[in-house]
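Me: I would like to go through the labels used for this model and ask what stands behind each of them.

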Amino acid sequence: GDATDNYAFSLIDENLRTVLEKVPKEAKVAVVSVVGAFRTGKSFLLTLMLRYLRHKTQFSEGDWLSSEGDTISEGNANASDPNAKSFGWRAGRQRMTTGIAIWSEPFMLAPDLALLVLDTQGLFDNETTMGLTSCVFGLSTLMSSYQLYNVANRIQEDHLQQLALFTEYGRMAASADDETDDPLSTEEKPPRPFQRLEFLVRDWPLFEEGQTDEEMEASMATYLEEVFAERSADDLAFTREQIAACFEDVSCWLLPHPGFAVTKLKYDGSIAKIDQLFQQSLARFLDRVFSAERLAPKRIRGGDALTASELGEYVRAYVGMFADGARFPQATTMLEATSSANNKNARSLAFETYNQVMDEACGTHTLASFLSHDSLLDKFRTAEQDALALFKKKATMGRKAAIDATKAELLHDIAKAKTHYKLMNDARNPFLNAHLYAVPLAVAAAAWLIRKITDTVCPDQGSFVAHSCNLAEDFLREVYMFVLFLTLAYLAFKTYGLSNHLKHLAKLALQAALGQVSDPHTSSSSKHD
């Protein structure tokens, strides 16, 4: 947004949905985001990161940096023909990114792990209010599992203070539904609200000539220890304690200057102009970030790893907190948004579990068969119990009243699904409407039997009685043939109707499994820029 709507955030839900739908249903999702000050090279870094990830996921051979050519033209606004394989970037003073952008393609780093990459608007420029800065930083941190904080030259005290400003909100939100916040309590402390934070210090000037990679990485660890060392001043010490209490892991990486040619306004993206030490250090850094040891799927408060659809619910809830303007929400509002998304995910997963059980029993599964009345009721009870047990396990955040309301919605979904599954099961009943077939078949059988009797007892040809018997036999033959014809025609008609009916029921069941059944509690509209 802009000043007219207090810089309100709006989500382009169609774009988010398009990206998330590309992730396999059962795969978990990791989210790497880059935040930092205006014009500190975030978008250029992300361009190199995307080139690295394309190389990594396509199992290409050779050097990743030059795997797509000797020039970094993708996204380069300074190039004559920038292509769309990257976030936009350019040298100079004008900013490139506004808001928060997600890369359009997920990267499958493992069969069960997809990676999403976020770029964020530059912070602390002369066009961005402090409120908007905090909101961009906050949203990015809420959405990511691995946050890269891009800073220039060194980690300064104001960097830590800005970070602590938001993380205090995170700490309050995480503990808002705890009965006690007593530091002396012996009860198990809640998990830290955020996962991994890494300071990426750009243009680090203090690497010495001839240092090995191991020596440089050791100096990085030493530098971080110095930054987070105990301070005598209470406010400085409290800032560090806040950050440490809100992230599961805090680390840093020092990246040397890429070379002054890269910072020129007309830089053409030539890899040869990038400093060699920068290339080496960047390669080690990217190997580290995207290693299986460090890159973890997104979790909420230490819970289960999220799938793409579950992540989408949280993103919608978080963006919704800022729909009225770039003011940081109250901690209780953050908790309610997180709890609401968590409960929706629990409801969706529980209902999906219910549908899976019923589909295999009497639904659209290829092995589904007809169940007797008692067997169907038993299967309904079992599926419902499994669904409610899973919901209880997952829906653990927020007020009990909100959880109970979501549980009621789940039970409503299950009740509607029961109707569909009962219809599908009845359609498989081999004795359904048997009386419609028994009467005409009995008439046909009687006609056939009487004809056989008359054929046996009637006299030979020549007499009036014999002639009458022949007429009766012909009439009876016509009767049972006509009845059989009508029965077969009726069966064909019913079979065609049953086929269409089963297709319709299967479509309804599929929609229910995908969560597309109309829900008065869920809004289908979204606000677009």
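Reply: Contact here means heavy atoms within 4.5 Å. The model is predicted. Among its contacts between residues at least 6 apart in sequence, 75% join residues at least 24 apart.

Me: What makes Leu282 a contact partner of residues beyond its neighbours within four places in sequence?
Reply: The cut-off is heavy atoms within 4.5 Å. Leu45, Leu48, Trp64 and Leu255 are in contact with Leu282 on that basis.

Me: What makes a set of residues a nonpolar core?
Reply: The members must be buried residues of nonpolar kinds such as Leu, Met and Phe, joined through side-chain atoms within 4.5 Å. The largest such core has 91 residues, and those with the most contacts inside it include Met49, Leu282 and Phe290. Helix α2 (residues 42-57) gives the largest share of this core, 8 residues. Another core, of 20 residues, lies apart from it, with Ala346, Tyr354, Ala395 and Ile403 among its members.

Me: Why is Trp448 called partly exposed?
Reply: Its relative accessible area is 42%. Buried means under 20% and exposed means over 50%, so Trp448, at 42%, is partly exposed.

Me: Which residues make the nonpolar surface patch of about 300 Å²?
Reply: Trp448, Leu449 and Ile453 make this patch. A patch residue needs over 30% relative accessible area, and Trp448 has 42%. Trp448 is found in helix α12 (residues 434-457).

Me: How much of the chain counts as buried?
Reply: Of the 529 residues, 43% do. The chain exposes about 27800 Å², with 55% of that supplied by carbon and sulfur atoms.

How values were computed. Residues numbered from 1 in each chain as written. Predicted model: local features only at pLDDT ≥ 70, side-chain atom pairs only at ≥ 80, totals over all residues. Heavy atoms only, no water. Buried < 20%, exposed > 50% of the residue type's maximum accessible area, 1.4 Å probe, protein only. Helix = DSSP H or I, 4+ residues; strand = E, 2+ residues; numbered from the N terminus. Patch = residues over 30% accessible without salt bridge, like charges linked within 9 Å, V, L, I, M, F, W, Y side chains within 5 Å. Areas by Shrake-Rupley, 256 points an atom, 1.4 Å probe, with all protein chains shown as cover. Salt bridge = Lys/Arg side-chain N within 4 Å of Asp/Glu carboxyl O.
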